[in-house]
Amino acid sequence: MKAFEATRYFFNEAADQLDISEELRELLLMPDREIQVQVTIRRDDGKLANFVGFRVQHDHVRGPMKGGLRYHQEVDLDESRALASLMTWKTAVVNLPYGGAKGGIGVDPAQLSKNEIERLTRAFVDQIHDIVGPDTDIPAPDMGTDHQVMSWFRNQWEKYHGFNPAVITGKPVEEYGAKGREEATGRGVGTLTQKLIKRLGMAPEKTRIAIQGFGNVGSHAAKFLHEGQFPIVAVSDITGTYFNEEGLNLPKLLRHKLAHPKGLLEGFDGAEHLPLDALMKLEHMDVLIPAALGGVITEKNADAIKATVIVEAANGPTNPAADKILNERGVTILPDILANAGGVTVSYFEWVQNRQHYRWSLDRVRQELDHTMNEAFEDVWQMSAQHDVSLRTAAYMIGISRVKRATELAGNA
Ligand code: NAD
């Protein structure tokens, strides 16, 4: 099943509970605008290279559209469409005054030099600068992009439109970025994992965690949970799975990642090195946190997953068939549109600060983030209990209701 079909399935599960008509479903689900552009750069060796870039703007009824910029070889229109729609429901679940968008370039950034990535980013901005802006569509980092890419993006956009750092979030702190943005998604995942585990009556020090993906989100979630006394028994990145039944030495693991030229775990000697797919099948884990790609939990591997709790740090990691199998087995899934909303929440704080030319302290960012995440968690938990539905369906119900209400108030339906 393709990514957008999966989103449509989850959307419909919630829309059934809300008794929404077919025509309104179509209106809410289909994106406002989709664009595809050619992005051409000159490689360092002098040859030309062409890539395809996408931006999907899903819905703006609750405010300017917000969503990441992904550089990955699997980026295509269908994936961008699914992720843009997830952003609409996500910003609504945490009640930010935003709509949803997403985009990126179909490219493996590991194959490009830093200078080539800069040229690629600037060439992409040349193609899409007219449709993004602080009041229309505000990009942010996602897989394969970081604060440096955000800086290049802003600089190129300002060449056309003048000074306005609020055009993009996830910028470096010294260049109008927000303190705490980089850790935000991982911190939000950690905060809600802790809350969920407590609610389920499990003890942190006996709750073994396995994390797929040790990039921005995975590594920050691991750090936060380690500080909360959770044993992190396994993590993985593109170089394999690193496992230690007693719990990994997190500070050592983080130092290793920092010292590696590409931020990888390759060569880490404090753990058993297992194949990439071993993480999902581990006997020894209670909580699985997918924090890499989408579509990694399917009907093919759902039965092998021993965890009783899944916290979706990645976007769209579980397909509908797997979701059904896991729900039937009583596995608790904290859905992506709630679990990883910490990133967009602090992006919102960054945008607010940029517009006010004012800076918040790290303490204030963390406090407001924790407050937003906790409130959204309580809303979803209550909705799930009230309607006897999964946390995913409950989160979609809240997101869809808020977008539906705004659509009706605007007179659009
Ligand atoms: P990243 O590029 O910083 O890290 C991705 C990590 O996944 C890397 O460690 C990479 O080696 C690893 N990886 C890639 N393929 C893998 C595989 N097959 N098995 C195991 N590991 C693999 O990306 P990120 O920003 O941490 O984003 C991760 C996920 O979180 C994505 O799904 C993204 O959409 C989602 N997300 C990110 C943010 C954010 O603020 N960065 C916010 C919300 C959601």
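User: Why does lysine 306 count as partly exposed?

Analyst: This is a predicted model. Lysine 306 has 38% relative accessibility. Buried means under 20% and exposed means over 50%, with partly exposed in between. The value for lysine 306 falls between those cut-offs, so the residue counts as partly exposed.

User: What makes the contact of glutamate 283 and lysine 306 a salt bridge?

Analyst: The N to O distance between the two side chains is 3.7 Å. The rule asks for a side-chain nitrogen of Lys or Arg within 4 Å of a carboxyl oxygen of Asp or Glu, so the pair meets it. Glutamate 283 sits in the loop between E9 and E10, and lysine 306 in the loop between E10 and strand E11 (309-311), 23 residues apart.

User: Is glutamate 283 buried or exposed, and why?

Analyst: Glutamate 283 is exposed, because its relative accessibility is 52% and the class begins over 50%.

User: How do you know that aspartate 286 and arginine 208 form a salt bridge?

Analyst: Their closest N and O atoms are 3.0 Å apart, and the cut-off is within 4 Å.

User: Which accessibility classes do aspartate 286 and arginine 208 get, and why?

Analyst: Aspartate 286 is called buried because its relative accessible area is 15%, and buried means under 20%. Arginine 208 has 26%, which lies between 20% and 50%, so arginine 208 is partly exposed.

User: What makes arginine 81 and glutamate 34 a link between distant parts of the chain?

Analyst: Arginine 81 belongs to helix H3 and glutamate 34 to strand E1 (residues 33-42), and they are 47 residues apart. Their side chains meet in a salt bridge at 2.5 Å, N to O. Glutamate 34 counts as partly exposed, because its relative accessibility is 31%.

User: How many salt bridges does the rule give, and which residues are linked in a network?

Analyst: The count comes to 31 salt bridges. Arg70, Glu79, Lys102 and Asp142 are linked in a network of them.

User: Where do domain 1 and domain 2 come from, and how far apart are they?

Analyst: The domain assignment of the protein gives domain 1 as 31-175 and domain 2 as 184-339. Their C-alpha centres lie 27 Å apart.

User: How do you know that domain 1 and domain 2 touch?

Analyst: Eleven residues of domain 1 are in contact with eight residues of domain 2, where contact means heavy atoms within 4.5 Å. The area buried between the domains is about 790 Å², with 62% from carbon and sulfur atoms. Strand E3 (65-72) and helix H3 (77-93) are the elements that give two or more residues to the side of domain 1 that touches domain 2. H3 gives the most, with five residues. By class, that side has six nonpolar, one polar and four charged residues.

User: Why is glutamine 212 called buried?

Analyst: Its relative accessibility is 15%, and the limit for buried is under 20%. Glutamine 212 is in strand E6 (residues 209-212). Leaving aside neighbours within four places in sequence, its contacts include Ser236, Leu279, Met280 and Val296.

User: Is glutamate 227 buried or exposed, and why?

Analyst: Glutamate 227 has a relative accessible area of 52%. Exposed means over 50%, so glutamate 227 is exposed. Glutamate 227 is in helix H7 (residues 216-227).

User: Why do asparagine 95 and aspartate 388 get their accessibility classes?

Analyst: Asparagine 95 has a relative accessible area of 45%, so it is partly exposed. Aspartate 388, with 71%, is exposed, because that class begins over 50%.

Methods:
Residues are numbered from 1 along each chain as its sequence is written. This is a predicted model: local features need pLDDT of at least 70, side-chain atom pairs count only at pLDDT 80 or more; totals for chains, interfaces and linings use all residues. Side-chain values use heavy atoms; hydrogens and water are left out. Domain bounds come from an automatic or database domain assignment. Buried area is the accessible area (1.4 Å probe) that two parts lose on being put together, summed over both. Helices (H or I, at least four residues) and strands (E, at least two) are DSSP runs, numbered from the N terminus. Ala, Val, Leu, Ile, Met, Phe, Trp, Tyr, Cys and Pro count as nonpolar, Asp, Glu, Lys and Arg as charged, and the others, Gly among them, as polar. Buried means under 20% relative accessible area, exposed over 50%, partly exposed in between (1.4 Å probe, protein chains only).
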